[in-house]
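Please keep the structure open while you read them.

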Amino acid sequence: MNTIRLNTACDADFINQVEKESEQDMSLCYQCGNCTAGCPYTTFYDLPVNQVMRLVQVGQREQVLSCKSLWLCASCESCTTRCPNDIDVARIMDVLRHMSRRAGHATERRVKIFWDAFLSSVERHGRVHEMGLMATYMTKTGRMFTDIDLGMHLIPNGKLSLKPHTMIGKKEVSEIFKRFNEERSS
Ligand code: SF4
Ligand code: SF4
């Protein structure tokens, strides 16, 4: 069982910021643990998702924003669907990831590279171009043979396209990124 530290002064601004950005009420969490029980990645987390919730409730900014769990979360929303108090836990995890990045706490370099490559691919093509994403990820991490065995099965079956897919709404997707970047820098 993990031990969480509650010995740092409560950062009320942090709680307010998480609540504002996620539009969730942190005080509703009564630590039943249902979110953690359904989380498929909890084995790999340094802090289970219910403990992340508890640490936010008590304003432990540094401990939350530096935890590895934020970067391993798959946004599957199992925690959200299981919460008896209708808290959108997955949305809170998403908000915390953004806060962690802004604060320079992204601890998992490879996860961050993957995330950046994914978003940049969606921004450019309107949806992810898997082959381009993998090429960027492999080049930037130096992991040239990652999942090469899987790729060998996917390419002949047409699951990995050499060219980006064309799609309706590509321009609109790019506009979303543009607006986001403008708001972030203002
Ligand atoms: S399921 Fe909801 S109430 Fe229970 S610990 Fe998780 S967030 Fe808190
Ligand atoms: S959204 Fe993240 S924290 Fe929630 S259950 Fe899925 S992997 Fe776990």
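The points below run from the overall fold to single residues.

1. **Basis.** This is a predicted model, in which local features need pLDDT of at least 70, side-chain atom pairs count only at pLDDT 80 or more, and totals for chains, interfaces and linings use all residues. Residues are numbered from 1 along each chain as its sequence is written, and chains are lettered from A and ligands numbered from 1 in the order in which they are written.

2. **Overall fold.** The protein has eleven helices and zero strands. Helices (H or I, at least four residues) and strands (E, at least two) are DSSP runs, numbered from the N terminus. Along the sequence the pattern reads α-α-α-α-α-α-α-α-α-α-α. The C-alpha atoms fill a box of roughly 50 × 40 × 30 Å, taken along the principal axes.

3. Of the 186 residues, 20% are buried. Buried means that 20 or more other C-beta atoms lie within 10 Å of the residue's own; exposed means 12 or fewer, and partly exposed is in between, with C-beta atoms placed from the backbone. Among contacts with a separation of 6 or more, 65% join residues 24 or more positions apart. Two residues are in contact if their C-beta atoms, placed from the backbone, lie within 7 Å.

4. **Ligand 2.** Around ligand 2 there are 15 residues, and C39, C73, C76, C79 and A90 are the closest. Helices α6 (78-82) and α7 (89-102) each supply at least two residues of the shell. The largest share, three residues, comes from α7. Eleven residues of the shell around ligand 2 are nonpolar, three are polar and one is charged.

5. **Core.** The largest nonpolar core has 24 residues, and V49, V52, V64, C79, V89, M93 and L96 touch the most other members. Such a core is a set of buried Ala, Val, Leu, Ile, Met, Phe, Trp, Tyr and Cys residues joined through C-beta atoms within 7 Å. Helices α3, α4 (61-65), α5 (69-72) and α7 each supply at least two of its residues. The largest share of this core, six residues, is from α7. Leaving aside neighbours within four places in sequence, L96 is in contact with V18, V64, L65 and L70.

6. **Helix pair.** The axes of α8 (residues 109-125) and α9 (residues 130-141) come within 9 Å and cross at roughly 145°. Axes are lines fitted to C-alpha atoms, for helices over the stretch in contact, and angles run from 0 to 180 degrees between N-to-C directions. On the α8 side, the contact is made by R110, I113, F114, A117, F118 and S121; on the α9 side, by G132, L133, T136, Y137, K140 and T141. By class, six of these residues are nonpolar, four polar and two charged.

7. **M131.** This residue lies in helix α9. M131 is partly exposed, because 17 other C-beta atoms lie within 10 Å. Beyond its neighbours within four places in sequence, M131 is in contact with L160, S161 and L162. The C-alpha atoms of M131 and S161 are separated by 6.5 Å, although the two are 30 residues apart along the chain.

8. **Positive phi.** Most residues other than glycine have a negative phi. Q31 has a positive phi of about 60° and is not a glycine. Q31 lies in the loop between α1 (12-22) and α2. Why does Q31 count as exposed? Because Q31 has 12 other C-beta atoms within 10 Å. D86 has a positive phi near 55° and sits in the loop between α6 and α7. D86 is exposed, with 10 other C-beta atoms within 10 Å.

How values were computed
A residue is near a molecule or strand if its C-beta atom, placed from the backbone, lies within 6 Å of it. Ala, Val, Leu, Ile, Met, Phe, Trp, Tyr, Cys and Pro count as nonpolar, Asp, Glu, Lys and Arg as charged, and the others, Gly among them, as polar.
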